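Student: Please give me a close look at a single part of this protein. Start with the overall layout, then go into detail.

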Amino acid sequence: SGVATAAGDFQRGALAKAMDKPQIVGDAIQHYTRLCAGKPAVAFAAGVENSRHIAAQFNAAGIAAEHVDGEMPTDARDAAVDRFRRGD
């Protein structure tokens with residue numbers, strides 16, 4: 001709530017700011033641990049920084065995670081996707 005919209009969609013900057021909170025990511029970690037611990041999963045974030053923070057918090061909780069975005073070099077992004085497919 002409280003996130004402004006433009007043309008029927010949430011404004012990216014406002015949405016990213018609202019979603020990039022440790023308690024939201026903490027809830028995601030708890031749900032992952034409860035529902036699918038040890039299984040591969042993909043999380044979509046509200047922005048690049050939010051994605052980096054999500055990966056960092058999963059790693060801090062002992063769950064291997066990586067941030068991937070469209071601005072990364074293709075080889076780095078492909079390597080991360082390959083690690084995901086292998087279960088690394």
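Tutor: Begin with the contacts, meaning heavy atoms within 4.5 Å. Take those in the protein with a separation of 6 or more: residues 24 or more positions apart account for 40% of them. This is a predicted model, in which local features need pLDDT of at least 70 and side-chain atom pairs count only at pLDDT 80 or more, while totals for chains, interfaces and linings use all residues. Residues are numbered from 1 along each chain as its sequence is written, and side-chain values use heavy atoms, with hydrogens and water left out.

Now the layout. The protein has 4 helices and 2 strands. These are DSSP runs numbered from the N terminus, with at least four residues (H or I) for a helix and at least two (E) for a strand. Along the sequence the order is β-β-α-α-α-α. The protein has 88 residues, and 15% of them count as buried. Buried means under 20% relative accessible area, exposed means over 50%, and partly exposed lies in between, for a 1.4 Å probe and protein chains only.

Rolling a probe the size of a water molecule over the atoms shows where empty space is left. A pocket is an open set of points on a 1 Å grid where a 1.4 Å probe fits, with protein on both sides within 12 Å along at least five of seven lines. The largest pocket has a volume of about 950 Å³, counted as the space filled by probe spheres on the points. Its lining has 29 residues, and the closest to the centre are Ala41, Val42, Ala65, Glu66 and Phe84. Lining residues have an atom within 4 Å of a point. Two elements give two or more residues to this lining: helix 3 (48-60) and helix 4 (74-86). Helix 3 gives the most, with 5 residues. By type, the lining divides into 18 nonpolar, 6 polar and 5 charged residues. Here Asp, Glu, Lys and Arg are charged, Ala, Val, Leu, Ile, Met, Phe, Trp, Tyr, Cys and Pro are nonpolar, and the others are polar.

Look at Ala41, one of the residues closest to the pocket centre. Ala41 sits in the loop between helix 2 (22-36) and helix 3. With a relative accessible area of 43%, Ala41 is partly exposed. Beyond its neighbours within four places in sequence, Ala41 is in contact with Tyr32 and Phe84. Ala41 and Phe84 are 43 residues apart along the chain, yet their C-alpha atoms are separated by 8.6 Å.

Next, Asp69. Asp69 lies in the loop between helix 3 and helix 4. Asp69 counts as buried because its relative accessibility is 12%. Arg52 is partly exposed, at 39%.

A salt bridge needs a side-chain nitrogen of Lys or Arg within 4 Å of a carboxyl oxygen of Asp or Glu. The structure holds 5 of them. One is between Arg85 and Asp82, at 3.9 Å from N to O. These two are 3 residues apart in helix 4, so about one helical turn separates them. Arg85 is exposed at 66%, whereas Asp82 is partly exposed at 35%. Another salt bridge joins Asp88 and Arg86, with closest N and O atoms 2.8 Å apart. Both Asp88 and Arg86 are exposed. Shared partners also join Glu49, Arg52 and Asp69 into one salt-bridge network.

Finish with His67. A polar contact of 2.6 Å joins the side chains of His67 and Asp69. Another, of 2.7 Å, joins the side chains of His67 and Ser51. A polar contact is a pair of N or O atoms within 3.5 Å; within protein, one must be able to donate a hydrogen and the other to accept it, and sequence neighbours count only if both atoms are side-chain atoms. Ser51 is in helix 3. At 16% relative accessibility, Ser51 is buried. Leaving out residues up to four places away in sequence, Ser51 touches Ala45, His67 and Val68.
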